[in-house]
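Subject: Structure handover and notes

Hello,

Here is the structure for your files, followed by notes on what was found in it. Please read them with the model open beside you.

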Protein chains: 2
Amino acid sequence: MPECLALPASKRAALIDSSRLMQIAAGAPLPDGVDVACLLSGRLAVLKPMPDGRGHIVGLPGAGAVLGWTAGAGNGAATNGYDITALEPCELALLDRGLFCDLLQTLPDLEQRLIAQVLDEAEAARDWLRLLAQPKVTDRLAGFLMMLGRELMPGDGVLHIPFRRADLASYLGTRKETLSRAFHQLEAEGAIRILDPAAVQILQPALLEDMAGLDAEDPPAPI
Amino acid sequence: MPECLALPASKRAALIDSSRLMQIAAGAPLPDGVDVACLLSGRLAVLKPMPDGRGHIVGLPGAGAVLGWTAGAGNGAATNGYDITALEPCELALLDRGLFCDLLQTLPDLEQRLIAQVLDEAEAARDWLRLLAQPKVTDRLAGFLMMLGRELMPGDGVLHIPFRRADLASYLGTRKETLSRAFHQLEAEGAIRILDPAAVQILQPALLEDMAGLDAEDPPAPI
DNA sequence: CGCGTATTTGAATGAAATCAAAGGAAGTGG
DNA sequence: CCACTTCCTTTGATTTCATTCAAATACGCG
């Protein structure tokens, strides 16, 4: 049970009574009309809509995330201007906004945790920034695989990539052809093994980490 | 006076009594030891420290921003793990953490505004993401100038660029030589005029906007 | 003026985008 | 079960763009 629902028993019971459970299949979008919701399991992708119709990935919230609590009642709903889709089969608890807001008033602790969650999201967005500032496509892909795997990987190192090539290319600031070559270059270097277009096995995480972040640029300053 | 300090008169007087005014010169870093502070005027740059010693720009807070209120008392201080420097001469009000936290407890409205501020920062970080996902350096630079100019530009269209070329190149995921060429290419296209290395005049904002965001990629879907 | 720093420019190499086309896996309908 | 379509991925060839290495110019300062 997600941390954000670690509430006093009586409050919690009331909230749970008022909630409905919702399942979302992998790849399916968050239905319209969802107001306040807590993600119980699975992982979502938050995409910022772009003029060209596609979206740009800006976050990958996991279990425990609370959606929609910051939006004004009714109008914004959980998506609040973003496209949200499930990367894996997800379970959501749909909550009553009134009850939830009451809880926020009476439980400063809960609000603290939700603020911390927002700060974490901002922090994650900044990690994405660092990733996208890598000049080389292969390095950006390495960083992406690390970020995706950090919380989304089973023990055997097999990582499922829940995006099509063209979309992933768009997120990483490149084109699908170049991305395909980057995958195969990582494989040639022994960092990963391509099982199928949507799954890779991470063989050398350390190698990926190296590529992802820490290239000294203009290191001089020699004294 | 920033919105965040629009408080009931009595509370406000107490807070102001306890505050110290601090000036930061353009280019100077936020001194250590700053705990909770409100930016009264000017603009800061928030840089995420990187392994190579440089930082990566993650935000450009302006007047009204409150620093350090999310960190645990004492340890984190306002910077909270980031490098913060002044882009322009800045005025800060250094606040007493105890008083400020008391205010947070008693004024839910204030806390709401601060949360909104955090959400705005996250939103801004996502705009940076969109910007950095442009494959071409010239397009990224165009987007950067737009973002910088959105809040930081006087009426005459002359935009001061508060970064050195090498740093800006690092933020935009390229190298200083390429960045220099990108500037001159924008000038050749008539979008900007380079006054000196640290100042440009925006001649055609619309042209910059076009380059920055809205390139359809793989637009087909014909029928 | 000479020196160090920052920006710019140039030429050659390397990487990515683009254009074009070839596999490959699912789905449909015979 | 097999053509046949469709969508996606991969490969190949070419052009464009970015990086790298090297050097020139501009600026501030003692």
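A salt bridge here is a side-chain nitrogen of Lys or Arg within 4 Å of a carboxyl oxygen of Asp or Glu. By that rule, the count between chain A and chain B is six. Over all chains, the structure holds 12 salt bridges. Please keep in mind that this is a predicted model, and that the values below are computed from it.

The contact between the chains

The size of an interface is often given as the accessible area lost when the parts come together. For chain A and chain B that area is about 3,600 Å², and 61% of it is on carbon and sulfur atoms. Chain A brings 39 residues to the contact, and chain B brings 39 residues as well.

Salt bridges

Which residue of chain A forms a salt bridge with B:E123? The partner is A:K48, and the closest N and O atoms are 2.6 Å apart. This pair joins two chains, because B:E123 lies in helix 3 of chain B and A:K48 in strand 3 of chain A. The two residues can also be described by their accessibility. A:K48 has a relative accessibility of 13% and therefore counts as buried, the cut-off for buried being under 20%. B:E123, at 27%, counts as partly exposed. The network of salt bridges that links A:K48 and B:E123 also takes in B:D127.

A:R126 and B:E121 form another salt bridge, at 3.8 Å between the closest N and O atoms. A:R126 lies in helix 3 of chain A and B:E121 in helix 3 of chain B, so this pair also joins two chains. A:R126 is buried at 11% relative accessibility, while B:E121 is partly exposed at 31%.

Within chain A, the side chains of A:R113 and A:D109 meet in a salt bridge of 3.0 Å, N to O. Both residues are in helix 3 of chain A (residues 108–132), and because they are four residues apart, about one helical turn separates them. A:D109 counts as partly exposed, with 49% relative accessibility.

Strands of a sheet pair through backbone hydrogen bonds, either parallel or antiparallel. In chain A, three strands form an open sheet in the order 4-3-6, and the pairing is antiparallel. Strand 4 (55–59) and strand 6 (83–86) are the edge strands, each pairing on one side only. On average, neighbouring strands of this sheet are turned by 40° against each other, direction ignored.

Strand 3 of chain A covers residues 44–49 and pairs with strand 4 of chain A over four bridges, in the antiparallel sense. A:K48 stands opposite A:H56 of strand 4 in chain A.

Chain A has seven helices and 10 strands. Of its 223 residues, 50% are buried. Among contacts in chain A with a separation of 6 or more, 67% are between residues 24 or more positions apart.

In soluble globular proteins, nonpolar side chains tend to be buried together. In this model, the largest nonpolar core has 104 residues. The residues with the most contacts inside that core are A:F144, A:L145, A:I192, B:F144, B:L145 and B:I192. Neighbours within four places in sequence left aside, B:F144 is in contact with B:W128, B:L131, B:F163, B:L168 and B:L172. Another core, of 30 residues, lies apart from the largest one and includes A:L95, B:C38, B:L104 and B:V118.

A loop residue

Is A:T174 buried or exposed? A:T174 has a relative accessible area of 6% and is therefore buried. This residue is found in the loop between helix 5 (165–171) and helix 6 (176–188) of chain A. Residues up to four places away in sequence not counted, A:T174 touches A:V137, A:R140, A:A169 and A:L179.

Regards

Terms used: Residues are numbered from 1 along each chain as its sequence is written. Chains are lettered from A and ligands numbered from 1 in the order in which they are written. This is a predicted model: local features need pLDDT of at least 70, side-chain atom pairs count only at pLDDT 80 or more; totals for chains, interfaces and linings use all residues. Side-chain values use heavy atoms; hydrogens and water are left out. A nonpolar core is a set of buried Ala, Val, Leu, Ile, Met, Phe, Trp, Tyr and Cys residues joined through side-chain atoms within 4.5 Å. Buried means under 20% relative accessible area, exposed over 50%, partly exposed in between (1.4 Å probe, protein chains only). Contact means heavy atoms within 4.5 Å. Two strands pair if DSSP finds at least two bridges between them. Axes are lines fitted to C-alpha atoms, for helices over the stretch in contact, and angles run from 0 to 180 degrees between N-to-C directions. Buried area is the accessible area (1.4 Å probe) that two parts lose on being put together, summed over both.
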